[in-house]
Amino acid sequence: MAIRYEVREGIAEVVLDAPPVNALDVAGWFELADKMRAASRDPQVRAVVLRAEGRGFNAGVDIKEMQNTTGHDALVGANRGCYEAFAAVYDCEVPVVAAVHGFCVGGGIGLVGNADIIVASHDAFFGLPEVDRGALGAATHLARLVPQHRMRQMVYTSENAPASELHAYGSVYKLVDRDKLVETAFEVARSIASKSPTVIRAAKASLNGIDPVDVKRSYRYEQGFTFELNLTGVSDELRDAFVEGRDADTSK
């Protein structure tokens, strides 16, 4: 099981635990979506803490699985799995507090970008290396974390942004030492859980309803370009180079 799930005192804890870097395979993304929906449906749950074990929060999709699978099954599965997991975070009927440490890249951006509140440790950093992997996606979610031109620059260059920068923007609510991260996330969740659950669920629905961007449709649009790039063969070369630890042919 790549995802751990537990409910304590009205707070659901969803934990990514897929060593070595929490890069989820196709089954892992769907499992995460299932756990988030279980929390959403549970009338006893008043808030969710989404966090991870290990070296970092999330390194995106399992590229090795994709390169070791013939045809497009793994690509289609990853696209659908990521879509379902990101949507399950966004649609969760109670607020989701993301606790981020270490790397939060690729699919990790889709998760935290759709969360309601983010707390991070000082060692956390955020990025979308998709261009280097022959993919596109989650710029929709990165645009919820950083300003528009910074988002574009990060997509084009695959440059990361430190948690301190996102804290300055206000997208990271609290910036703490690593050993205080989980405690801080639960403090925030408990504050939410102390409110009327009827009002909080109404507040979540109302805030989603006034979002200026339909994040699910926007992300699905991005995914179409990823599949198109795969049909050209460019994506396979870039992913093979990543898995093999060599320089990619970027002439095309």
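**View 1. Trp-29 and Phe-86 form an edge-to-face pair.** Rings of Phe, Tyr and Trp (its six-membered ring) pair if their centres lie within 6.5 Å; planes under 30 degrees apart count as stacked, over 60 as edge-to-face and the rest as tilted. By this rule there are three aromatic pairs. For Trp-29 and Phe-86 the ring centres are 5.8 Å apart and the planes stand at 90°, so the pair is edge-to-face. Because Trp-29 belongs to helix H1 (residues 26–41) and Phe-86 to helix H3 (residues 73–91), the pair ties together parts 57 residues apart in sequence. Helices are DSSP runs (H or I, at least four residues), numbered from the N terminus. Trp-29 counts as buried at 0% relative accessibility, where buried means under 20% relative accessible area (1.4 Å probe, protein chains only).

**View 2. Phe-86 and Tyr-219 form a tilted pair.** Phe-86 is buried, with a relative accessible area of 2%. Its ring centre lies 5.0 Å from that of Tyr-219, with the planes at 50°, so the pair is tilted. Tyr-219 is in helix H10 (residues 215–232) and Phe-86 in helix H3, so the pair ties together parts that are 133 residues apart in sequence. Tyr-219 is likewise buried, at 7%. Trp-29, Phe-86 and Tyr-219 form one aromatic cluster.

**View 3. Arg-220 lies over the face of Tyr-83.** The distance from the ring centre is 5.4 Å. A charge sits over a ring if NZ of Lys or CZ of Arg is within 6 Å of the ring centre and within 35 degrees of the ring normal.

Residues are numbered from 1 along each chain as its sequence is written, and side-chain values use heavy atoms, without hydrogens and water. In this predicted model, local features need pLDDT of at least 70 and side-chain atom pairs count only at pLDDT 80 or more, while totals for chains, interfaces and linings use all residues.

Notes:
Helix = DSSP H or I, 4+ residues; strand = E, 2+ residues; numbered from the N terminus. Buried < 20%, exposed > 50% of the residue type's maximum accessible area, 1.4 Å probe, protein only.
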